[in-house]
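Take a moment with the sequence and the model before reading on. Follow the chain from one end to the other, and then look at how its parts pack.

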Amino acid sequence: MINKCALLSTAAGQISLIVGELGRRRSRVNFLKSYMVVSSAAVIVSSACAIKDNPLLKDPGTWQTMKLELFGLSGAVLGVLIQILTISTTSALITNMSPPKRAS
């Protein structure tokens, strides 16, 4: 059975990478802002799916027998932390790309 959350997250991630690369190469601020929004949505969907489908949250007493599911949760947390770093880096790039404002 196809996991729709994983498919949606992967598609959104691929689209965000293409938009982000176009924004970086062509110095387009709007593309970089779109990249931040779409990639954040992909990480949120991916993390939500990992948390929703994880049996450890339904029965926390079974964590010793389900160590592989623990990797899924740690992957979701790592994805969120990397996304925070990505947003801060992209924001700094947008700030550096923006033309200086003229004083009137």
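**The whole chain**

The model shown here is predicted. The chain has three helices and zero strands. From the N terminus on, its elements run α-α-α. The chain has 104 residues, and 22% of them count as buried. Its accessible surface comes to about 7800 Å². Carbon and sulfur atoms hold 67% of that surface.

**Helix α1 against helix α2**

Two packed helices are described by the angle between their axes and the distance between the axes. Helix α1 covers residues 4-26, and helix α2 covers residues 29-52. Their axes come within 8 Å and cross at roughly 160 degrees. That angle makes α1 roughly antiparallel to α2, because angles over 145 degrees count as such. The crossing of α1 and α2 is left-handed.

Which residues meet here? On the α1 side they include Cys5, Leu8, Ala12, Leu17, Gly20 and Arg24. On the α2 side they include Phe31, Leu32, Tyr35, Val38, Val45 and Lys52. By class, this contact has 13 nonpolar, eight polar and two charged residues.

The loop between α1 and α2 holds serine 27. Most residues other than glycine have a negative phi. Serine 27 is not a glycine, yet its phi is positive, at about 55 degrees.

**Helix α2 against helix α3**

Helix α3 covers residues 67-97. The axes of α2 and α3 come within 10 Å and cross at roughly 170 degrees. Therefore α2 and α3 are roughly antiparallel to each other. The residues of this contact divide into 14 nonpolar, nine polar and one charged.

Leucine 32 lies in helix α2. Is leucine 32 buried or exposed? At 3% relative accessibility, leucine 32 counts as buried, because the cut-off for buried is under 20%. Leave out residues up to four places away in sequence, and leucine 32 touches Gly20, Gly23, Arg24, Thr90, Leu93, Ile94 and Met97. Gly20, Gly23 and Arg24 are among the α1 residues that meet α2. Thr90 and Leu93 belong to helix α3.

Threonine 90 is one of these partners of leucine 32. At 8% relative accessibility, threonine 90 counts as buried. Leaving aside neighbours within four places in sequence, threonine 90 is in contact with Leu32, Tyr35 and Met36. Leucine 32 and threonine 90 are 58 residues apart along the chain, but their C-alpha atoms are separated by 7.1 Å.

Leucine 93 is another partner of leucine 32. Leucine 93 is partly exposed, with a relative accessible area of 33%.

**Glutamine 83**

Glutamine 83 is found in helix α3. Its relative accessible area is 10%, so glutamine 83 is buried. Which residues does glutamine 83 contact, leaving aside its neighbours within four places in sequence? They are Met36, Ser39, Ser40 and Val43.

| Pair | Apart in sequence | C-alpha distance |
|---|---|---|
| Glutamine 83 and serine 40 | 43 residues | 6.7 Å |
| Leucine 32 and threonine 90 | 58 residues | 7.1 Å |
| Leucine 93 and arginine 24 | 69 residues | 8.7 Å |

**Putting it together**

Go back to the model with these points in hand. First find α1 and α2, which cross at roughly 160 degrees. Next find α2 and α3, which cross at roughly 170 degrees. Then pick out leucine 32 in α2. Its contacts include Arg24 and Leu93. The C-alpha atoms of leucine 93 and arginine 24 are 8.7 Å apart in space.

Notes. Residues numbered from 1 in each chain as written. Predicted model: local features only at pLDDT ≥ 70, side-chain atom pairs only at ≥ 80, totals over all residues. Heavy atoms only, no water. Axes fitted to C-alpha atoms, helices over the stretch in contact; angles between N-to-C directions. Helix = DSSP H or I, 4+ residues; strand = E, 2+ residues; numbered from the N terminus. Parallel < 35°, antiparallel > 145°, perpendicular 65-115°, else oblique. Left-handed = near helix turned anticlockwise from the far one by under 90°. Contact = heavy atoms within 4.5 Å. Nonpolar A, V, L, I, M, F, W, Y, C, P; charged D, E, K, R; others polar. Buried < 20%, exposed > 50% of the residue type's maximum accessible area, 1.4 Å probe, protein only. Areas by Shrake-Rupley, 256 points an atom, 1.4 Å probe, with all protein chains shown as cover.
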